[in-house]
Amino acid sequence: MMADCILSKIAKKQIKAHIFYEDDEFISFLDINPITEGHSLLIPKKEAETIHDLDEKQQKALGTAIYNVSEILKKKYGINISILNTSGKESGQSVPYFHIHLVPRKKEDRLWEGEKSKVIYDRSSGFKRLSPSKQILEKICKELKNLR
Ligand code: 5GP
């Protein structure tokens with residue numbers, strides 16, 4: 001159920017996450033198993049399962065929130081970023097709570113294959129995510145908070 005899922009608990013601040021951005025409608029924090037360093041999730045404070053479930057306030061605030069988080073990440077990681085949302089199980093959504101992935105990118109990061117850059121977000125692909133320690137996430141989070 002959506003209310004029991006991990007992102008819902010993070011939104012309600014029942015479970016700790018490394019939150020570095022907050023506005024009236026959204027929060028953003030570091031993904032616990034990042035694709036690249038700085039991989040962040042943006043989620044609404046009020047629960048919604050997919051993009052189709054956002055209320056009018058959330059719809060209006062979403063663009064600004066994506067922009068603001070991108071600007072924070074730009075200050076630490078540069079301009080290159082992949083932004084994506086999975087809405088619906090068949091799109092690869094594994095947690096039933098609306099979230100946008102923001103993945104800082106650089107030339108020849110671990111998502112480059114030969115001359116081609118790609119993004120692998122589907123956890124069932126077997127692509128090995130990173131597993132940074134709490135201390136590392138804490139350090140990155142502190143830096144990002146200061147960049148607002
Ligand atoms: P999806 O696979 O649904 O597109 O994305 C879910 C994301 O949530 C994944 O990237 C996963 O690593 C992240 N995630 C799952 N559990 C937690 C958690 O407890 N804390 C944080 N910060 N991220 C999580």
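**Close-up views of a predicted model**

**View A. His 18 and its polar partner.** In this predicted model, the side chains of His 18 and Glu 138 come together in a polar contact of 3.3 Å. His 18 is found in the loop that runs between helix H1 (6-11) and S1, and because its relative accessible area is 9%, under the 20% limit, His 18 counts as buried. Setting aside residues up to four places away in sequence, His 18 touches Ser 28, Phe 29 and Leu 30, and also Lys 134, Leu 137, Glu 138 and Cys 141.

**View B. The largest nonpolar core.** This core holds 21 residues, and those with the most contacts inside it are Phe 20, Leu 42 and Leu 62. Two or more residues each are given to this core by strand S1 (19-22), strand S2 (26-30), helix H2 (56-77), strand S5 (100-104) and helix H3 (134-146), with H2 supplying the largest share, 7 residues.

**View C. The surroundings of Phe 20.** When neighbours within four places in sequence are left aside, the residues in contact with Phe 20 include Ser 28, Phe 29, Leu 30 and Ser 40, as well as Val 69, Ile 72, Leu 73, Cys 141, Leu 144 and Lys 145.

**View D. Lys 107 and the ring of Trp 112.** Here the charged end of Lys 107 sits over the ring of Trp 112, at 4.2 Å from the centre of that ring. As for pairs of aromatic rings, a search of the whole structure finds 0 of them.

Definitions and conventions. Residues are numbered from 1 along each chain as its sequence is written. This is a predicted model: local features need pLDDT of at least 70, side-chain atom pairs count only at pLDDT 80 or more; totals for chains, interfaces and linings use all residues. Side-chain values use heavy atoms; hydrogens and water are left out. A nonpolar core is a set of buried Ala, Val, Leu, Ile, Met, Phe, Trp, Tyr and Cys residues joined through side-chain atoms within 4.5 Å. Buried means under 20% relative accessible area, exposed over 50%, partly exposed in between (1.4 Å probe, protein chains only). Helices (H or I, at least four residues) and strands (E, at least two) are DSSP runs, numbered from the N terminus. Contact means heavy atoms within 4.5 Å. Rings of Phe, Tyr and Trp (its six-membered ring) pair if their centres lie within 6.5 Å; planes under 30 degrees apart count as stacked, over 60 as edge-to-face and the rest as tilted. A charge sits over a ring if NZ of Lys or CZ of Arg is within 6 Å of the ring centre and within 35 degrees of the ring normal. A polar contact is a pair of N or O atoms within 3.5 Å; within protein, one must be able to donate a hydrogen and the other to accept it, and residues adjacent in sequence count only if both atoms are side-chain atoms.
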